[in-house]
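Work through the exercises below with the sequence and the model side by side, and try each task before reading its solution.

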Amino acid sequence: MNQTTPQTPGAALYETHGLVSQYMSFHYGADVFKVRNFPTACIDFLQSNLPFKSYDRCLDVGCAVGRSSFEMAKHFTHVDAVDYSSGFIDAAKALQQSGVARYTIPTEGKLTLDCRLSLESLVSSDIANRVNFQTGDACDLPENMRDYDLVFAGNLIDRLYQPKLFLDSMSHRIRDGGWLVITSPYTWLEDYTPTNHWLGGCTDKNGDPVDTITGLSRALHPKFKLHCREDIPFVIRETARKHQHTIAELTAWQRTE
Ligand SMILES: C[S@@+](CC[C@H](N)C(=O)[O-])C[C@H]1O[C@@H](n2cnc3c(N)ncnc32)[C@H](O)[C@@H]1O
């Protein structure tokens, strides 16, 4: 691991048992308030809107418990799926290996609901086995993670300790004409990203406001060109009666040089 990797307070949160269950429910549970399942909505959008040259290799970075990785495996021959949280990766691998997962979600107070899911109802085991799950750091990926047709960073960028390190490495990892797809609600927080590394949601040295789409464009120019932007809403269930309703922005960037 790179010497710069800090243990931010936010990173530890994703290791907790409660967060694994919450993300199992978010990725594999029922739709809430008629808002579509977020990983599925994102991958369907990419499939309909991006002119892929080939469907050979893709990387799902910050994959959490793996739903977007399995959805990508329906289209791509090989999917690398990486997350910093070993709790998330263990849950994704267990689901891939056994084909079932059991988890509990809070309903009210100390009460919980037992949930069971069958992977076969979403994707065949042949397709699920195209995914290679592993723990790793988006800002310090192994050298052999390259030649991708698509890198998908779902709701990751504002959770990284140095997002620019990640963005700078993308031109080496994505094939010419390939795609970098970022979704984010741009909720920058010091618990995850020291303020001097925020890409947006802040002011520059002249005191002028910089929004995140501007920060992303500056960081990715000239190697990537913005192809499209789309709002994709999602709902994360906290309890039976409490939810987070968020609008992420999906941006798709094509590697041009
Ligand atoms: C807000 S969650 C999004 C998860 C998933 N992509 C989704 O959209 O549901 C952020 C994810 O990024 C992971 N993460 C945070 N920092 C990371 C890093 N440096 N490298 C890889 N993954 C990281 C977290 O463990 C968590 O799974």
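**Exercise 1.** Determine which residues M170 is in contact with, leaving aside its neighbours within four places in sequence.

*Solution.* Begin with the rule that two residues are in contact if their C-beta atoms, placed from the backbone, lie within 7 Å. Applied to M170, with neighbours within four places in sequence left aside, this rule gives V151 and L180. Before going further, note that this is a predicted model, in which local features need pLDDT of at least 70 and side-chain atom pairs count only at pLDDT 80 or more, while totals for chains, interfaces and linings use all residues. Residues are numbered from 1 along each chain as its sequence is written.

**Exercise 2.** Decide whether M170 is buried or exposed, and describe the helix in which it is found.

*Solution.* A residue is buried if 20 or more other C-beta atoms, placed from the backbone, lie within 10 Å of its own, exposed if 12 or fewer, and partly exposed in between. M170 counts as buried because it has 23 C-beta neighbours inside 10 Å. M170 is found in helix α7; helices (H or I, at least four residues) and strands (E, at least two) are DSSP runs, numbered from the N terminus. In α7 the buried residues are P163, F166, L167, M170 and R173. Seen down the axis of α7, these buried residues fall within an arc of 115° (the arc of the directions from the helix axis to the C-beta atoms), so they line one face of the helix. The cover over them includes β6 (148–154), β7 and α8.

**Exercise 3.** Find which residues of helix α8 are buried, and what they pack against.

*Solution.* Helix α8 spans residues 212–220, and its buried residues are T212, G215, L216 and L220. Viewed down the axis of α8, they fall within an arc of 120°, so they line one face of the helix. They pack against α7 (163–173), β7 (174–184), β9 (209–210), β10 (224–239) and β11 (242–255). In the loop between α8 and β10 lies P222, and the peptide bond from H221 to P222 is cis, with omega near 5°.

**Exercise 4.** State how many residues surround the ligand, and sort them by class.

*Solution.* A residue is near a molecule if its C-beta atom, placed from the backbone, lies within 6 Å of it. There are 18 residues around the ligand, and the closest are G62, A64, Y84, A138 and G154. By class, the shell has eleven nonpolar, four polar and three charged residues, where Ala, Val, Leu, Ile, Met, Phe, Trp, Tyr, Cys and Pro count as nonpolar, Asp, Glu, Lys and Arg as charged, and the others, Gly among them, as polar.
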